[in-house]
Amino acid sequence: MLPDVPAALQGVASMLARADQVAKADPVIAYWCKYYAAQIGIEEAAGKADAQAFLMRLMDDLERLKAELSTQEAVHSETVAYAYVENFALRIFLGADNEDRQGHATKATAQAFVAASKFLEVLRAFGPLDDDVQTKIKYAKWRATQIHKALRSGQSPAPGPSAPRTEEEEVVSQLTTPPPREPPALAPPPDHTEPSLPSVPTQHEGEALHTSVQGTHAREEAAPTASPAPPQEAETADCPLSVRDIAHVQKLSRWASSALDYEDIETARKHLREALIMLDAAASQQP
């Protein structure tokens, strides 16, 4: 069991609290929460002996968890892990969003939006967030704030704005019911600048932990716009697929994998067929 988090690592404390909340229900998600916490801690602990000592304990705990989850592909494969964490976070987000759009928002709905934003932020462990994920984080934090404000003033929260969902979001919404609501998040980690500590174990044996945490955490309370569609990219000289189409094929493949996690073969086949149709059409355009 980890000791109390030093005051210098409050950003780490927030993510470790999430890990503790899901440790029994989903140890894989707990692992990646701790992994991302270690990334944050590397920068926060620079020059602080107590913080560095705590971070070394956290690294040992990650090694232990990785050994316990040795049969879990979502721990050892970065591609599978990204889809697993994204799917988990979207189920919480969509559960809150469904309640909100139907005009049934409560304190638990706001807490779920906050939890969804924190789990989506764990995707930073794999690299920079794409525009859609960043927009969802901002939106979830904004809606949580708006719901809390309405409840504090004794009013019923107005239903959230209606916006079209992507096909992938509809699939996640139908695959399973949302997990239990999470308690409110602690304060988000501050911005960081100076990485320092040794590497944390990753999904590849001997691979060093990313020592650069990408971006800062969104804190806007203004209403974000609906997630915009990425601009259509020009085709490259060697590939008839645009950058946008390539990204869509990759996402279809990830969601097919996520559907199989729930033994939903038909949904997986649907996504794979769509991806193959796009690839076949591109192949027919090549000389």
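1. Tyr31, Trp32, Tyr35, Tyr82 and Phe126 make up one aromatic cluster. Rings of Phe, Tyr and Trp (its six-membered ring) are paired here if their centres lie within 6.5 Å; planes under 30 degrees apart count as stacked, over 60 as edge-to-face and the rest as tilted. The count by this rule is ten aromatic pairs. The ring centres of Tyr31 and Trp32 are 5.1 Å apart and their planes stand at 85°, so this pair is edge-to-face.

2. The model is predicted: local features need pLDDT of at least 70, side-chain atom pairs count only at pLDDT 80 or more, and totals for chains, interfaces and linings use all residues. Residues are numbered from 1 along each chain as its sequence is written, and side-chain values use heavy atoms, with hydrogens and water left out.

3. Tyr31 and Trp32 are both buried (under 20% relative accessible area, with a 1.4 Å probe and protein chains only). Helix α5, residues 78-101, is mostly covered as well, with 18 of its 24 residues buried.

4. From first C-alpha to last, α5 reaches 33 Å, close to the expected 34 Å (1.5 Å times one less than its number of residues). Just after α5, Gly103 has a positive phi of about 80°.

5. Helix α2, residues 27-44, packs against α5 at about 105°, with the axes 11 Å apart. The two helices are therefore roughly perpendicular (65 to 115 degrees). In this contact (heavy atoms within 4.5 Å), Val28, Ile29 and Trp32 of α2 meet Ala81, Tyr84, Val85 and Phe88 of α5. By class, the contact of α2 with α5 comprises seven nonpolar residues, no polar and no charged ones.

Conventions: Helices (H or I, at least four residues) and strands (E, at least two) are DSSP runs, numbered from the N terminus. Buried means under 20% relative accessible area, exposed over 50%, partly exposed in between (1.4 Å probe, protein chains only). Axes are lines fitted to C-alpha atoms, for helices over the stretch in contact, and angles run from 0 to 180 degrees between N-to-C directions. Angles under 35 degrees count as roughly parallel, over 145 as roughly antiparallel, 65 to 115 as roughly perpendicular and the rest as oblique. Ala, Val, Leu, Ile, Met, Phe, Trp, Tyr, Cys and Pro count as nonpolar, Asp, Glu, Lys and Arg as charged, and the others, Gly among them, as polar.
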